[in-house]
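Dear colleague,

Here is the structure I said I would pass on. My notes on it follow below.

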Amino acid sequence: MDLKYEPKEIEKEAIRIVKSEVTNWENGTTNVTDDVAFEMRNVVKQCRKNYYGIFNKPTDYMGFDKVFHTLTKESVQIVSKAEDQDSKDMDVIAKNPNSMGSANIWRYIIKDWIENESFGEQMDYDTFMRALDGTVVRKFWKTYNYKLKKEVIATRNVDLLNIYIDPNADTLQDVPFIERGIFTVSNIKSSYKKKWINLEYIKGTKNPQSYKDLDKDFKSEVPYVDVFERWGEIPLYLITGKDDDKDTYVEGVIIISGLFDNPVVHKIMKNTNKFGVK
């Protein structure tokens with residue numbers, strides 16, 4: 001039996017905020033002059049088309065296949081190779097003789113972390129994506145490593161086409177930041193069973209979209225759901241429920257699944273990072 005989700009007033013406001021920002025920032029329009037503006041989302045798409053050699057229309061007016069020279073593939077590969085960094089060349093050097101002992105210890109600790117996290121491969125991928133798209137975003141979070149039996153820092157690259165942010169901002173820390181991710185429903189329910197609320201109301205689809213504005217979807221035999229994770233200032237009202245706090249803002253997190261199909265709020269909380277870092 002399908003359960004029907006009835007959001008509370010606070011949850012309705014959270015859904016409105018995230019949906020509004022995603023809609024407003026979807027194209028990433030930034031003005032260069034009074035008469036010229038770029039839609040950064042389309043710029044990223046064009047960069048990838050130029051690299052992989054993709055036409056909007058693959059055939060000409062006579063019906064023949066077009067031959068596309070990969071305009072940027074060579075330059076991207078040259079930049080990637082020139083900036084390639086080998087993790088084995090990373091070292092810890094003591095600034096004075098008294099630190100040589102601790103430097104030796106940290107050298108092995110850091111190299112072990114680099115190996116466990118495939119840090120060298122991740123840097124190579126970031127270098128490639130920066131040369132391809134023009135910039136790169138990497139996410140860090142704490143997770144439990146069952147092999148090492150301790151909490152560790154995990155990291156991964158975030159696809160620019162699944163990011164929603166004011167394109168005129170200087171840094172990600174200046175404005176709200178929204179990331180869209182695709183997960184299987186079973187993965188969400190098992191991984192966040194004791195961390196998120198309203199998991200029983202999630203409704204997935206077997207025809208998910210890799211990107212929100214992608215016309216084509218991919219077929220799956222298991223249901224997927226998109227999850228929007230928003231970091232940035234939120235009204236304190238969303239946490240306290242007090243009307244007096246509607247004009248007071250704090251750094252916080254909002255997590256919603258199925259934002260444009262079947263929106264369900266799973267988390268609203270203050271950002272617990274003592275520096276307010278997203």
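N198 sits in the loop that joins α6 to β7; helices (H or I, at least four residues) and strands (E, at least two) are DSSP runs, numbered from the N terminus. Although N198 is not a glycine, its phi is positive, at about 60°. N198 counts as buried because its relative accessibility is 15%, where buried means under 20% relative accessible area, exposed over 50% and partly exposed in between, with a 1.4 Å probe and protein chains only.

This is a predicted model, in which local features need pLDDT of at least 70 and side-chain atom pairs count only at pLDDT 80 or more, while totals for chains, interfaces and linings use all residues. Residues are numbered from 1 along each chain as its sequence is written, and side-chain values use heavy atoms, with hydrogens and water left out.

P223 is in the loop between α6 (185-191) and β7 (224-235). Its relative accessibility is 33%, so P223 counts as partly exposed. Apart from neighbours within four places in sequence, P223 is in contact (heavy atoms within 4.5 Å) with F183, T184, V185, G204, T205 and K206. For T205, 18 residues away along the chain, the C-alpha atom is 4.7 Å from that of P223.

Next, a helix pair. Helix α3 (residues 73-82) packs on helix α5 (residues 119-133) at an angle of about 145°, with the axes 9 Å apart. Axes are lines fitted to C-alpha atoms, for helices over the stretch in contact, and angles run from 0 to 180 degrees between N-to-C directions. The contact involves V76, V79 and S80 from α3, and T127, F128, A131 and L132 from α5. By class, that makes five nonpolar, two polar and no charged residues; Ala, Val, Leu, Ile, Met, Phe, Trp, Tyr, Cys and Pro count as nonpolar, Asp, Glu, Lys and Arg as charged, and the others, Gly among them, as polar.

Last, the cavities. On a 1 Å grid over the protein atoms alone, a cavity is a set of points where a 1.4 Å probe fits but cannot get out, and lining residues have an atom within 4 Å of a point. The whole structure holds one cavity of 30 Å³ or more. The largest cavity contains about 40 Å³ of space, a volume being the space filled by probe spheres set on the grid points, which are joined across faces, edges and corners. Its lining consists of R48, M129, D133, T135, V136, V137, N157, V158, D159 and L160. Both α5 and β4 (150-158) supply at least two residues each to this lining.

Regards

How values were computed
1 Å grid on protein atoms, 1.4 Å probe; cavity = no way out; pocket = protein on both sides within 12 Å on 5 of 7 lines; lining within 4 Å.
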